Amino acid sequence: MSLRKKKLPPTAGILVAMVLGIVIGHFIHANALEPQQATRIAGYISIATDVFLRLIKMLIAPLVFSTLVVGIAHMGDAASVGRVFLKAMGWFLTASLISLLLGLVLANVLQPGAGLNLPLPDAGQSAQLATAKFTLKDFVNHLVPRSFVEAMANNEILQIVVFSMFFGIALAALGEKGQTLVRGIEELSHVMLKITGYVMKFAPVAVLAAMAATVAVNGLGILLKFAVFMGEFYLALFLLWGVLVLAGFLALRGRVFKLLREIKEAFLLSFATASSEAAYPKLLDALDRFGVKRRISSFVMPMGYSFNLDGSMIYCTFATLFIAQAYGIHLPLETQVTMLLILMLTSKGMAGVPRASLVVIAATLNHFDIPEAGLLLILGVDTFLDMGRSATNAVGNSIAAAVVAKWEDALLSEEDAEVRAATLDTQPDPPRAHAHGA
């Protein structure tokens with residue numbers, strides 16, 4: 001069994017699926033009699049991706065709740081929870097500011113929208129995106145769930161985190177009286193992780209379908225049309241990865257490269273499906289193998305999915321300035337700084353909103369009187385850009401969890417981490433309770 005795994009690791013399976021998907025999608029696009037036919041075929045192919053992502057969404061809420069409650073209960077008291085919360089938020093806000101600032105600087109240096117040889121959409125057109133929900137008041141109201149059941153049903157990760165924090169702190173305060181419930185919820189987390197293992201076997205099929213459907217509808221030609229813009233945005237992402245890895249190196253030293261090796265499958269999965277959520281269970285497993293105690297990873301990761309979307313952050317400033325440049329609108333430095341500060345607020349908690357980056361950008365465009373129609377320029381390639389954004393979010397959150405674990409003395413030594421990884425590999429139902437570690 002182990003020999004077979006070495007011959008074809010999961011990462012290789014996902015890479016093969018991506019290549020096959022591109023080939024199949026290109027064949028469909030090239031041989032379709034009309035665009036509607038390609039779109040129709042892509043719709044059937046994407047059923048596999050839709051089912052996979054729905055299965056992931058089915059797992060997220062109970063997985064976040066069970067792992068987070070047990071993790072907080074193992075921390076022991078509200079003071080420990082508050083300390084981890086503040087350290088994580090400090091990292092998230094700093095990373096968000098750096099991501100937004102990097103996007104702002106690179107958009108000014110590279111000028112991706114200047115001299116664009118493409119027809120511009122009529123400035124009066126609308127991208128039909130609901131932007132009203134991105135106000136500070138609505139965000140604060142949205143923070144606290146009206147009903148835990150409603151939050152679970154809608155996969156509102158931030159609301160589930162808030163309820164789970166109260167629940168976990170209360171369980172810890174009960175002491176021995178709460179241990180029976182803690183063990184029950186811990187068993188629930190084992191069941192959810194077992195189901196996750198089953199769902200992940202379907203990942204290569206979902207990746208193949210996602211790539212095939214995307215290329216079938218858009219064709220590879222659209223990549224050539226927007227090659228400069230996409231190339232410059234991915235350059236920005238590469239630089240951001242470098243900054244994140246450097247920050248991780250300062251805290252973790254050489255172990256940060258071991259972390260990158262552990263998360264490579266989750267990275268590819270989030271890239272291929274253009275979904276950060278798809279990688280969440282794999283990231284938890286990778287952090288287990290790296291040596292992060294579950295009481296930290298189960299707390300920091302769900303928070304990161306609402307507050308630490310580094311790839312989405314850099315896209316917000318980069319794309320907003322791209323559109324302004326395309327329409328020949330000059331934004332003075334003070335206006336750009338104001339934009340950055342507004343984005344720091346409006347972008348928080350956007351993880352649960354479909355195509356959230358576009359919604360945030362639309363709201364920002366309206367605020368600064370930049371034609372919202374400019375979004376129509378990039379809608380065609382947004383899926384390809386979203387792949388990079390989602391993968392960057394996975395990198396940023398995993399490094400954040402590992403660094404906070406290091407700060408909290410909740411990171412196993414390399415030797416102990418290797419023992420745990422070997423245990424996870426050899427046992428069909430690993431004893432994850434040890435991952436919580438006090």
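Start by selecting Arg289 and Asp285, which both sit in helix H15. They are four residues apart, about one turn of the helix. Show the side chains and you'll find a salt bridge, with the closest N and O atoms 2.9 Å apart. Are these two buried or exposed? Both Arg289 and Asp285 are buried. Keep in mind as you click around that this is a predicted model.

Stay with helix H15, which covers residues 280-290, and pick Lys282. Its side chain meets that of Glu265 in another salt bridge, at 3.4 Å from N to O. Glu265 lies in helix H14 (residues 264-273) while Lys282 is in helix H15, so this pair ties together parts that are 17 residues apart in sequence. Click on Glu265 for a moment: its relative accessibility is 17%, and because buried means under 20%, Glu265 counts as buried.

Next, hop to helix H13, residues 255-262. Select Lys258 and Glu262, whose side chains meet in a salt bridge of 2.7 Å, N to O. How far apart are Lys258 and Glu262 along helix H13? They are four residues apart, so about one helical turn separates them. Lys258 is partly exposed, with a relative accessible area of 24%, and Glu262 is partly exposed too, at 22%.

How many salt bridges does a search of the whole structure find? The count is eleven.

Now for some greasy surface. Which helix gives the largest share of the patch? That's helix H12 (residues 227-252), which supplies three residues. Zoom in on Leu250, which has its place in helix H12. Leu250 has a relative accessible area of 57%, so it is exposed.

Pick out Glu415, which is found in helix H22 (residues 414-426). Is Glu415 buried or exposed? Glu415 is exposed, at 55% relative accessible area.

Time to head inside. Select Ser164 in helix H8, which runs over residues 157-174. How much relative accessible area does Ser164 have? The value is 0%, so Ser164 is buried. Now show what surrounds this serine. Leaving aside neighbours within four places in sequence, Ser164 is in contact with Phe65, Leu68, Val69 and Ile72.

The last stop is Val149, found in helix H7 (residues 148-153). Val149 is exposed, with a relative accessible area of 60%. How far apart are Val149 and Ile160 in space? The distance is 9.4 Å, and the two are eleven residues apart in sequence.

Conventions. Residues numbered from 1 in each chain as written. Predicted model: local features only at pLDDT ≥ 70, side-chain atom pairs only at ≥ 80, totals over all residues. Heavy atoms only, no water. Helix = DSSP H or I, 4+ residues; strand = E, 2+ residues; numbered from the N terminus. Buried < 20%, exposed > 50% of the residue type's maximum accessible area, 1.4 Å probe, protein only. Contact = heavy atoms within 4.5 Å. Salt bridge = Lys/Arg side-chain N within 4 Å of Asp/Glu carboxyl O.
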